[in-house]
Amino acid sequence: MLQVKLIVTGDDFGYCPRRNQGIVDCFLAGAVSNVSLLVNGSAAADAAKLARRYNIPIGLHANLSEGSPVCEVLKTNSSLLNQDGFFHGKMGFRTALSKGLLNMSEVKQELKAQVELFHELTGHLPPHMDGHQHIHVLPEVRHVFAEVLEEYGIKYTRVPIEPGLHNCDWIPPSLMDFYLGVEEDSFNTVDVFTRHGIRWPDIYIGLSTMGKNMSVSNIWSAIDTAIVEFTSKASLPAQPTPQSRTVTIELMVHPGYPSVPPVGGCGDGPDDFSQSWERLHELQTLIKPELQSHYKTRNIQLCSFKDL
């Protein structure tokens, strides 16, 4: 029987106290097994304390697109900032990058500052590091990101290529366009990360199951589809017996209690995503007993990057 190791990562830990509480509640319910910390989040220090208190496996959610930088010298005059003195935003960052307006040495400076702040807050380096709004797989950024991970000995990241994504007809066209852009960037990143000795789980899920699209059945079918596709490609390494074969999956989730302005955010207040009812919907879906029992039935073991 195929053994499945599933990392359920709660993104945006540190965004606000209500997101923190929701993610912790999910972890204590056995619904989230790993978290990704926004060190420039308004409640990052509180999140780090919660992770210590409850022994929650924690990595770094590198942020170059929302709020303010943590590197002091970049807070006033930097290519990473818009005219209001904040990061350019999810799409604004991509536009600035495509126009050649971003200084990659400043990108590297900020990424290193975020790793250092993570170490300061948690007392250790992140076992894994990914990118808020998938900025880490973008052209040029991917090279700098890989260099930083290699320099600090951070072994694991996320490569957001989701099996079956193209068949998800419930995703609106505008959002699907964004997801397909992320997928293309991710395909172009694989060789870069591989050259730097960086690893990631066999399977990524999280785009088709985000927000209102999250349901127990959607998570089940996303996992099942991904496993079938993965095994049919015969990409599993040859091992002594079929019983010993293991496949690793990361499920990206964004649970929480919705942010209430003005509290939250990464320097410029909470965004619509964090204030949305969809955060609570994800929380309520993830803690459903039928989801937990499905994991047990299918020989799916929840774990963190430290367990790989």
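These legends describe close-up views of salt bridges and pockets in a predicted model.

**View 1. A salt bridge between K108 and E151.** K108 pairs with E151, and the closest N and O atoms are 2.8 Å apart. A search of the whole structure gives eleven salt bridges.

**View 2. A salt bridge between E250 and R158.** The side chains of E250 and R158 meet with an N to O distance of 3.0 Å. Side chains of opposite charge can pair when their charged atoms come close.

View 3. E282 and R279 form a salt bridge, at 3.2 Å from N to O. Both residues lie in helix α10 (residues 278–286), where a spacing of three residues is about one turn of the helix. E282 has 1% relative accessibility and so counts as buried. R279 is likewise buried, at 1%.

**View 4. The largest pocket.** This pocket holds about 530 Å³ of space. Its lining is made of 30 residues, and those closest to the centre are K90, L175, Y179, M210 and F273. Strand β1 (3–13) and helices α6, α9 (272–275) and α10 each supply at least two lining residues. By class, the lining of the largest pocket has nine nonpolar, ten polar and eleven charged residues.

**View 5. The second largest pocket.** The volume of this pocket is about 360 Å³. Of its 23 lining residues, I161, P163, D202, I203 and K233 lie nearest the centre. At least two lining residues come from each of α6, β5 (203–205) and α8 (216–232). Helix α8 gives the most to this lining, with three residues. Twelve residues of the lining are nonpolar, four are polar and seven are charged.

Key:
Residues numbered from 1 in each chain as written. Predicted model: local features only at pLDDT ≥ 70, side-chain atom pairs only at ≥ 80, totals over all residues. Heavy atoms only, no water. Salt bridge = Lys/Arg side-chain N within 4 Å of Asp/Glu carboxyl O. Helix = DSSP H or I, 4+ residues; strand = E, 2+ residues; numbered from the N terminus. Buried < 20%, exposed > 50% of the residue type's maximum accessible area, 1.4 Å probe, protein only. 1 Å grid on protein atoms, 1.4 Å probe; cavity = no way out; pocket = protein on both sides within 12 Å on 5 of 7 lines; lining within 4 Å. Points joined across faces, edges and corners; volume = space filled by probe spheres on them. Nonpolar A, V, L, I, M, F, W, Y, C, P; charged D, E, K, R; others polar.
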